[in-house]
Amino acid sequence: MNDKTVKQKVNALKDIESHYNALIFGETDIEQLKHLKDIVISDEFYKKYKGVSGSSIDYYIRFIESKPTVQENESFTMDEFLSDVFIEKKELIQLISLLENKKNLILKGAPGVGKTYIAKRLAYVMMEEKDETRVQMVQFHQSYSYEDFIEGFRPKAEGDGFELKQGPFVKFARRAARDPERDYFFIIDEINRGNMSKILGELMMLIEGDKRGEQINLLYSNDKFSVPSNLYIIGMMNTADRSLALLDYALRRRFSFFEIKPAFQNETFKSYVNELNSPEALNRIIDEIKSLNNQIVEELGTGFQIGHSYFVGDAYKVDTANRVEEVIEYEIIPQLFEYWFDDEQKANDWAERLRGCYDGEK
């Protein structure tokens, strides 16, 4: 948007304030601003800036949505991360380095290894505080599009036609650009579930580390847009779902990839298990899961292992033995039959071995 257009919109907003004796500059209630917009557009007697009144108020709403907020937040240190997340210190240091240098990182791994949990806490530890206003998360799916992620025309709430709407990434990136002294983190769950080329469009170039700050015109609005250097992208990729597409090479070179593995050997995880009220059955199960994972790696690959997150949660603190049985019977055993859909006997054998751990038998 050039200076002349910006000046015209500012003048329109000032005139609307004067004409309707209404507050715009300084107003933070978005619903109130939308209500004012409806009044102005439907007023047959308001003529002066009639043609740009609606878009001018929309412009100010976008400014409000992208304006950063500063508040007191709970601190989050590296020691707190390591006591909360089951990875080693050297792995955390590597993750931070990868994200700082590449700007874009994908955590890949089997279901149940804590990818989403790690992603948010990686953002916290890099910010050194739990600031939810600087972390945004979306989940991709097969129907997700450029219009959902960047910008596109959407039906108006009142059902009368369409209006141009900014997507979550554009809003968040503009908020980060207005706050260059602090880091922002955009987290994408199930990143390989969507068609990335279709979703990112022209932003495929802008997310590169050495292209940050460069501007292009967006497809629909033709507004100038750039991805700021203080915006980091973290994606999570499920490696066990055969139905998901692999990322194309053009996209792959724009990300670093870090595999999250089961953490059964992690000392913090072991301490967590042994502090439960009745850890015996769970320890037997974990020993069996380790053997199971060895066979899974040999036959299917590392991305299909059973993760440690299956055995984490408040329910284990209430009734460890009951929760162990629930997870094995209704989550892990069905997964094994999916893995070995062509060899039910093998899945049955492992199911019986796992069930045998409930009373100490194998």
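Analyst: In this predicted model, β2 pairs with strand β5 (residues 184-189) in the parallel sense, over five bridges. Within this pairing, M137 is placed opposite I187 of β5. The two strands belong to an open sheet of five strands, whose order is β2-β5-β8-β1-β9 and whose pairing is parallel. The edges of the sheet are taken by β2 (135-139) and β9 (256-259); each has a single partner strand, so one side of each is left without a neighbour in the sheet. Direction ignored, neighbouring strands of the sheet are turned by 20 degrees against each other on average. As a general point, the strands of a sheet pair through backbone hydrogen bonds, in either a parallel or an antiparallel manner.

Two helices may be described together with these strands. Helix α6 (residues 115-127) lies across β1 (104-109), β2, β5 and β8 (231-238), and runs at about 165 degrees to β8. Helix α8 lies across β2, β5 and β8, and its direction is at about 160 degrees to β5.

The elements giving two or more residues to the lining are α3 (50-66), α8 (168-177) and β7 (224-225). Among the contributors, α3 gives the most, with four residues. By class, the lining of this pocket comprises seven nonpolar, four polar and five charged residues.

The domain assignment divides the chain into domain 1 (3-65), domain 2 (78-259) and domain 3 (267-359). Because domain 1 and domain 2 both give residues to the lining of the second largest pocket, this pocket lies between them.

The structure holds one cavity of 30 Å³ or more, and the largest cavity contains about 40 Å³ of space. Its lining consists of R62, E151, L164, K165, Q166, R174, S221 and D223. Strand β4 (residues 162-166) gives the most to this lining, with three residues. The lining of the cavity has one nonpolar, two polar and five charged residues.

Methods
Residues numbered from 1 in each chain as written. Predicted model: local features only at pLDDT ≥ 70, side-chain atom pairs only at ≥ 80, totals over all residues. Heavy atoms only, no water. Nonpolar A, V, L, I, M, F, W, Y, C, P; charged D, E, K, R; others polar. Domains from an automatic or database assignment. Pairing = 2+ DSSP bridges. Axes fitted to C-alpha atoms, helices over the stretch in contact; angles between N-to-C directions. Contact = heavy atoms within 4.5 Å. 1 Å grid on protein atoms, 1.4 Å probe; cavity = no way out; pocket = protein on both sides within 12 Å on 5 of 7 lines; lining within 4 Å. Points joined across faces, edges and corners; volume = space filled by probe spheres on them.
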